[in-house]
Amino acid sequence: MENYINAFPKVLSDQLIRREILKGEYFVHEGQSSNQIAFVQSGYLRTYQIDYQGNDVTINFHTPGAFCGSYYGFYTKMPALDNMIAITDCILQTISYESLMALYEDSLAANKMGRKIIEQVCITKDFRIAKMLQTNGEDRYRWFLETYPEIIRVAQMQHIASFLGMKPETLSRIRRKIIS
């Protein structure tokens with residue numbers, strides 16, 4: 001997978017559009033069309049949805065070297081289901097749906113690379129869901145520390161707690177227990 005991630009910007013160099021997003025700005029808005037996906041060159045983003053009770057629930061964090069976007073909105077041409085906001089200043093390399101599809105038509109290598117990247121996105125999502133369902137809060141937090149060590153210093157604790165499926169108070173207790 002690493003080779004595909006490293007090759008992505010090179011293969012698409014003339015198709016990618018550099019976009020700077022400042023902390024607090026949105027890359028994706030729920031309910032709006034989402035015609036771009038991005039490679040995170042630098043910075044950190046958070047994807048979230050608002051649940052039926054009005055709670056902000058973090059779905060994912062995106063780190064440098066990752067891909068991000070509303071895949072549902074991008075591939076179905078339906079309004080995005082989630083919001084994606086920069087939690088630090090970011091530099092993204094974006095590509096439109098039309099440009100990506102044209103590239104896939106023209107290049108078997110790019111098509112294969114795109115498939116591998118989206119496979120990795122799906123695997124990562126499935127693994128996270130399994131972690132949320134099959135492990136207790138302390139184990140989930142330890143997994144988070146191993147998987148997203150840099151997020152601790154840039155994200156709000158309430159967003160990390162919602163990502164881990166717990167209340168901020170529970171996360172605080174778990175953190176105190178692990179530190180002591």
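Mentor: Gladly! The lining of the second largest pocket splits by class into six nonpolar, six polar and four charged residues (Ala, Val, Leu, Ile, Met, Phe, Trp, Tyr, Cys and Pro are nonpolar; Asp, Glu, Lys and Arg charged; the others, with Gly, polar). The model is predicted, with local features requiring pLDDT of at least 70 and side-chain atom pairs pLDDT 80 or more, while totals for chains, interfaces and linings take in all residues. Residue numbers start from 1 along each chain as its sequence is written, and side-chain values use heavy atoms, without hydrogens or water.

This second pocket has a volume of about 370 Å³ (the space filled by probe spheres on grid points joined across faces, edges and corners). Among its 16 lining residues, N55, D56, V57, S162 and M166 come closest to the centre. Strand 5 and helix 6 (157–163) each contribute at least two residues to this lining, and helix 6 has the largest share, five residues. (Helices, H or I of at least four residues, and strands, E of at least two, are DSSP runs numbered from the N terminus.)

Strand 5 leads us onward. It covers 56–62 and also supplies at least two residues to the lining of the largest pocket, as do strand 4 (45–50), helix 2 (71–76), helix 4 (108–134) and helix 5 (137–147). That pocket has a volume of about 890 Å³ and is lined by 32 residues, with N60, H62, V121, T124 and K125 nearest its centre. (On a 1 Å grid over protein atoms alone, a pocket is an open set with protein on both sides within 12 Å along at least five of seven lines, a cavity a set where a 1.4 Å probe fits but cannot get out, and lining residues have an atom within 4 Å of a point.) Helix 4 gives the most to the lining of the largest pocket, 11 residues. By class, this lining holds 18 nonpolar, 11 polar and three charged residues.

N60 also has a place in the strand pairing: in strand 5, N60 is the bridge partner of T47. Strand 4 and strand 5 run antiparallel and are joined by six bridges (strands pair if DSSP finds at least two bridges between them). Both belong to an open, antiparallel sheet of four strands in the order 2-7-4-5. Strand 5 and strand 2 (26–28) are its edges, each pairing on one side only.

Searching the whole structure turns up one cavity of 30 Å³ or more. The largest cavity holds about 100 Å³ of space, and 10 residues line it, with I37, Y75, Y104, G114 and I117 nearest its centre. Helix 2, helix 3 (97–106) and helix 4 each give two or more residues to this lining; helix 4 gives the most, three residues. Here the classes are nine nonpolar, one polar and no charged.

Strand 3 (residues 36–42) and strand 8 (residues 90–96) pair antiparallel over six bridges. Strand 3 is also joined by two bridges to strand 6 (residues 67–68), again running antiparallel, and there A38 stands opposite C68.
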